[in-house]
Amino acid sequence: MAPPSPSPCPFSAPSMLKKRDYFVGRKDELRFIQSQMTGPQPTSVNIVGPHKIGKSSLLWRFYQNCRNHPQYASSPYAVIYLSFQDGECQEENTFYQAVAQKLSEVPVIQAKPSLVTAFQAPDWNRSIFAKAIRLCEVQQILPVLCIDKFEALFQESYREKFDEGFYDNLHSLINNSALMLVLASLETLDSYRTKYKLTSSFFNVGSECLLKKFSEAEAQKLVELPKGNIAGAIPALTQTNQRLALEWGKQHPVLLQLAGKYLWQMQQERKDVKWAKQKFQDQTRAFLQLSTRPKRPQKFWHLLRWLVWDMPIWVGNFAKNFGLKLDDIFTWLMGLSLIIVAIMCVAGIVTQNYFFDLFKKFLCGSLSPVLGKWCDG
């Protein structure tokens with residue numbers, strides 16, 4: 001049985017990782033986003049990846065790296081973080097207000113009285129927001145908005161409040177290098193443009209930063225936490241449990257965190273590996289269900305459209321091409337329905353009485369003059 005760990009648990013799953021000492025990897029991605037901000041032409045970035053791949057943690061780390069830089073107070077960049085998951089950004093005007101509030105707290109903004117006044121406006125709309133951002137451009141300051149959960153804007157409740165004029169306004173500011181966005185979303189902006197038939201040029205601007213699983217070296221560094229990130233610290237997991245975490249996590253950031261969390265807890269409480277693995281598997285199943293749930297309605301609606309729209313059109317064209325009359329089509333549909341119900345009856349999906357009642361109605365509808373009283377009974 002492994003001895004208790006002398007280190008506090010360095011694994012935080014499945015929530016966003018905010019502690020700098022426990023953040024590992026993503027150096028190339030951080031350098032890429034930094035280069036897009038500091039280059040001669042600032043370029044917005046779309047961080048894209050599946051659920052729980054580490055988008056929010058990466059976005060927060062970039063924001064914190066900028067804010068903690070020794071020269072940040074005198075740099076030309078005003079970097080802020082906000083999420084559409086928070087209640088303060090559920091409408092367009094409140095979004096502008098939230099951005100203004102956070103920008104007003106940035107040292108480089110506070111050093112300019114005209115900007116302080118601009119970002120303290122009592123009311124906000126597109127025009128006032130654009131004017132305040134362009135005033136930053138005059139002062140040679142670039143607002144950089146790190147926006148998490150950007151996919152929330154494409155939910156039905158949000159789409160009614162953030163129309164294409166909202167995106168056009170942002171595009172105008174970005175196109176004139178007055179504003180930079182670093183957005184985290186499940187899919188690319190172009191995929192949302194296609195899916196929701198949007199026409200704004202906003203969705204064609206910027207670079208993409210695609211997040212994938214960790215490399216082997218990054219995964220190894222994560223299971224060795226806090227070694228390397230805190231001076232003099234030793235790994236919280238034994239070498240045996242590090243190997244187990246790597247085996248269970250399969251280089252996926254959140255699965256590695258979950259594996260590390262329960263293996264560390266196993267050490268502390270002197271439980272066995274079977275207990276830790278069961279805990280890990282239970283959480284993994286919950287995580288996988290959460291990841292795939294949003295896709296189900298899409299498949300359902302595609303099936304529903306096929307049944308109530310595409311299939312009837314095909315049947316109508318089929319009938320028209322073969323010169324069938326309306327009575328023929330009706331008879332064919334009734335016969336097809338009877339066959340389907342008969343198959344369901346054999347399979348035990350419907351009762352025999354239901355099938356015979358339907359069969360009787362079918363015969364009486366066609367042969368009522370011949371069957372007479374039997375149909376009336």
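Helix axes are here lines fitted to C-alpha atoms over the stretch in contact, and the angles between N-to-C directions run from 0 to 180 degrees. With that convention, the axes of α10 and α11 come within 9 Å and cross at roughly 135° in this predicted model, where local features need pLDDT of at least 70, side-chain atom pairs count only at pLDDT 80 or more, and totals for chains, interfaces and linings use all residues. Residues are numbered from 1 along each chain as its sequence is written, and side-chain values use heavy atoms, with hydrogens and water left out.

**Overall make-up**

- The protein has 17 helices and five strands, where helices (H or I, at least four residues) and strands (E, at least two) are DSSP runs numbered from the N terminus.
- Of the 377 residues in the protein, 40% are buried, a term that means under 20% relative accessible area, with exposed meaning over 50% and partly exposed the range in between (1.4 Å probe, protein chains only).
- Contact means heavy atoms within 4.5 Å, and among contacts between residues at least 6 apart in sequence, 70% join residues at least 24 apart.

**The α10 and α11 pair**

- The two helices α10 and α11 are oblique to each other, since angles under 35 degrees count as roughly parallel, over 145 as roughly antiparallel, 65 to 115 as roughly perpendicular and the rest as oblique.
- On the α10 side the contact is made by A219, Q220 and V223, and on the α11 side by Q242, A245 and L246.
- These contact residues of α10 with α11 divide into four nonpolar, two polar and no charged, with Ala, Val, Leu, Ile, Met, Phe, Trp, Tyr, Cys and Pro counted as nonpolar, Asp, Glu, Lys and Arg as charged, and the others, Gly among them, as polar.

**Backbone features in loops**

- Most residues other than glycine have a negative phi, and most peptide bonds are trans.
- A cis peptide bond with omega of about 0° joins L225 and P226, and P226 is placed in the loop between α10 (216–223) and α11 (239–249).
- K52, in the loop between β1 (45–48) and α2 (55–67), is not a glycine but has a positive phi of about 65°, and counts as partly exposed at 28% relative accessibility.
- S177, in the loop between α8 (164–175) and β4 (180–185), likewise has a positive phi, of about 60°, without being a glycine, and is partly exposed with a relative accessible area of 24%.

- E29 lies in helix α1 (residues 27–38) and is buried, with a relative accessible area of 15%.
- Leaving aside residues up to four places away in sequence, E29 touches L58, C209 and L211.
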